[in-house]
Structures are given as C-alpha cells and as structure tokens.
Amino acid sequence: MSDFAVTSTTVIIAAAVVLLFFLMKMVKTVPQGYNFTVERFRRYAYTIQPGLNIVPPIFHRIGVKMNMMEQVLDVPTQEIITKDNATVAVDGVAFFQVIDAARAAYEVANLNSAIMNLLMTNIRTVMGSMDLDQLLSHRDEINNRLLNVVDAAAISWGIKITRVEIKDIVPPADLIASMGRQMKAEREKRAVILEAEGQRQSEILKAEGQKQAQVLEAEGRKEAAFRDAEARERSAQAEAAATLVVSEALSQGNVAALNYFIADKYVKAMQAMASAPNQKVLVLPMEATALIGSLAGIGEIAKATFGDAAAQARRGGSGVPNVGRD
C-alpha cells in the first residue's frame with residue numbers, strides 16, 4: 001500500500017470521527033417536565049421541547065434548562081403590623097408554574113428570589129391594611145387578594161402563581177391571653193342572655209297556659225250556666241204543665257187533685273229541710289203534724305179518685321185526667 005493510500009485512509013477516519021462528534025453534539029435529549037432554551041451567539045434563538053431534538057453545533061448552544069412543573073415556595077415567617085397596631089408573625093406557602101421558558105429565563109434574574117420578595121412585600125401590604133380580627137377570621141379573603149396581586153405582577157416573567165396560602169398567624173402572647181379573656185366574657189354574656197331568654201319564654205308559656213285555663217274555665221261556667229238555665233226552664237215547663245193539669249181538674253170539680261198536689265209539695269219541702277247536712281233538730285209546725293195525721297185520708301182520697309178513674313176508663317169515660325202514681 002502506498003503512502004497516498006495510507007494518508008487517504010487516515011483522513012477518512014479522521015473525518016468520520018469529526019462527523020460523529022458533531023452528530024453527537026447536535027442531538028439533544030430534553031427530559032419530561034423541562035424546556036431548554038437554545039442560544040445563537042449568546043442570544044436567545046428558540047426553545048426545544050421534551051424529547052429528541054437537533055441543535056446545530058458550533059454557533060448554537062443550550063442556554064437555560066427551565067423546570068416547567070408546578071413548584072412550591074415556602075415563605076419564611078415575618079412580622080406584620082396590622083391596621084390596629086397589633087404585631088403578628090405570619091408565614092405561608094406559594095405554588096407557581098413556568099408557562100414561558102424564555103421569559104422566565106431572560107426577563108428576570110434569580111426567579112425564586114424574585115417571587116419570594118414579591119410575596120413577602122405583598123403579604124405586608126395586604127395584611128397590614130386589615131385589623132387583627134379581620135386577619136384571624138378572613139383568611140380566605142387574604143389568600144385570594146394575595147393571589148390576584150402576585151399573579152398580576154409575575155405574569156410578565158412568564159410565571160403563573162396558582163395558589164397562595166397563609167399557613168399560620170401568631171399574635172403576641174399577651175394579646176392571646178387578652179383574646180382568651182374576651183372570648184370567655186363573650187361566652188358568659190351569651191349564657192346570661194340565653195338564660196334570660198329561657199326565663200322569658202317560660203313566663204310567656206306559663207301566662208299563656210293560665211290564660212287558656214281561665215278561658216276554658218269561663219267556657220265551662222258558661223256551659224254550666226246554660227245547662228242550669230235549660231234545666232230550670234224544663235222544670236218550669238213541667239211545673240206549668242202540672243199546674244195546668246191541676247187547674248183543669250179543678251175546673252171539672254175534682255178537689256182531690258188539688259189536695260194531692262198541695263200535699264206533695266208540702267212533703268217535698270219537709271224532705272228538703274230534713275236532708276240538710278247541718279240539720280240536727282227539726283222543728284215541725286202544727287200544720288205538719290196535722291198533715292201527717294191526714295196522710296191516710298189523702299191516700300184514701302187518691303185511691304178512691306184513681307179507682308173511679310180506672311172504672312170510668314173501663315167504661316170508656318174520661319171524666320178525670322190521668323195523674324201519675326207515686
């Protein structure tokens with residue numbers, strides 16, 4: 001083999017090695033979740049996506065390897081002076097994601113530090129404009145306000161702030177003790193109010209019950225009076241009917257009916273006097289003794305009267321009205 005052939009073979013091998021080297025330099029592999037920027041003469045040219053990419057060598061190089069996944073940034077504890085001059089210690093956490101690799105790489109230096117300072121500044125601004133009670137009871141409102149403010153400021157860096165959360169708000173120890181006393185006093189106040197409301201409701205219900213009882217009692221008296229009046233009316237009607245019967249008997253010459261009627265009334269009056277609960281001694285008038293002596297005669301008169309009436313009834317007569325037997 002001549003020297004020319006050896007030289008040609010060496011050149012070919014060298015050229016192949018150089019070509020292989022350049023091919024290896026041209027092929028770039030980007031992992032999932034990352035974007036790489038490509039610079040031409042130290043100036044941004046374009047962005048390559050995850051996977052296999054070809055980047056021309058010599059004049060091009062990889063610039064910034066940007067993480068495109070959502071990231072977490074802890075906000076350190078800092079002291080905040082509220083609107084009512086209370087000093088509280090506050091810490092939080094922020095979630096952000098790069099949506100434009102080129103802007104995040106070249107629009108801001110030290111991205112994490114820039115986001116951290118932006119968060120801390122706006123936390124002092126937002127929470128410093130609120131009272132302590134608002135800080136402790138409106139945490140969701142604080143988170144939303146911080147998210148809107150910080151996201152609007154970071155959008156120019158190609159950053160999306162997805163969430164801002166205040167983790168803890170710690171007032172001073174003496175202020176915590178004062179808040180505990182205030183809470184205890186407030187609960188005691190609510191307990192006294194509830195007890196007073198219960199007593200008031202109890203008195204109202206008791207008064208309503210007494211009113212209802214009085215109404216029902218009045219209704220009962222009204223019904224009893226109505227019944228008594230009705231009973232007296234019926235008694236009067238019966239008395240009038242009996243008197244009418246006696247009057248008709250007298251008009252027909254039947255004196256025995258009148259005697260029986262008077263004797264019956266007299267005996268009932270004497271019975272009422274004798275049955276009184278406080279009656280111990282009963283003084284009878286002379287007319288009563290005479291009446292007792294003549295009861296047998298009245299019985300004979302009634303028997304004769306009723307006997308004659310029955311005989312006339314058998315004969316079909318109706319001279320004497322029918323008087324009920326005792």
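How many Å should the 16 residues of helix H5 span?

1. Basis of the note. This is a predicted model, in which local features need pLDDT of at least 70, side-chain atom pairs count only at pLDDT 80 or more, and totals for chains, interfaces and linings use all residues. Residues are numbered from 1 along each chain as its sequence is written, and side-chain values use heavy atoms, with hydrogens and water left out.

2. Span of H5. Helix H5 covers residues 139-154 and should span 22 Å at 1.5 Å a residue; its end C-alpha atoms are 22 Å apart, which agrees. The expected span is 1.5 Å times one less than the number of residues. Helices (H or I, at least four residues) and strands (E, at least two) are DSSP runs, numbered from the N terminus.

3. Ile 142, Asn 143, Leu 146, Val 150, Asp 151 and Ala 154 are buried (under 20% relative accessible area, with a 1.4 Å probe and protein chains only). Down the axis of H5, these buried residues fall within an arc of 145°, so they line one face of the helix; the arc is that of the directions from the helix axis to the C-beta atoms. On the other side, Asn 148 and Ala 152 are exposed (over 50%).

4. Cover of H5. The buried residues of H5 are covered by elements including helix H3 (111-128), helix H4 (132-137) and strand E8 (159-170).

5. The sheet. Three strands form an open sheet in the order E3-E2-E5, with antiparallel pairing; pairing requires at least two DSSP bridges between two strands. Strand E3 (43-48) and strand E5 (60-67) are the edge strands. Strand E2 (residues 34-40) pairs with E3 over five bridges.

Terms used
Contact = heavy atoms within 4.5 Å.
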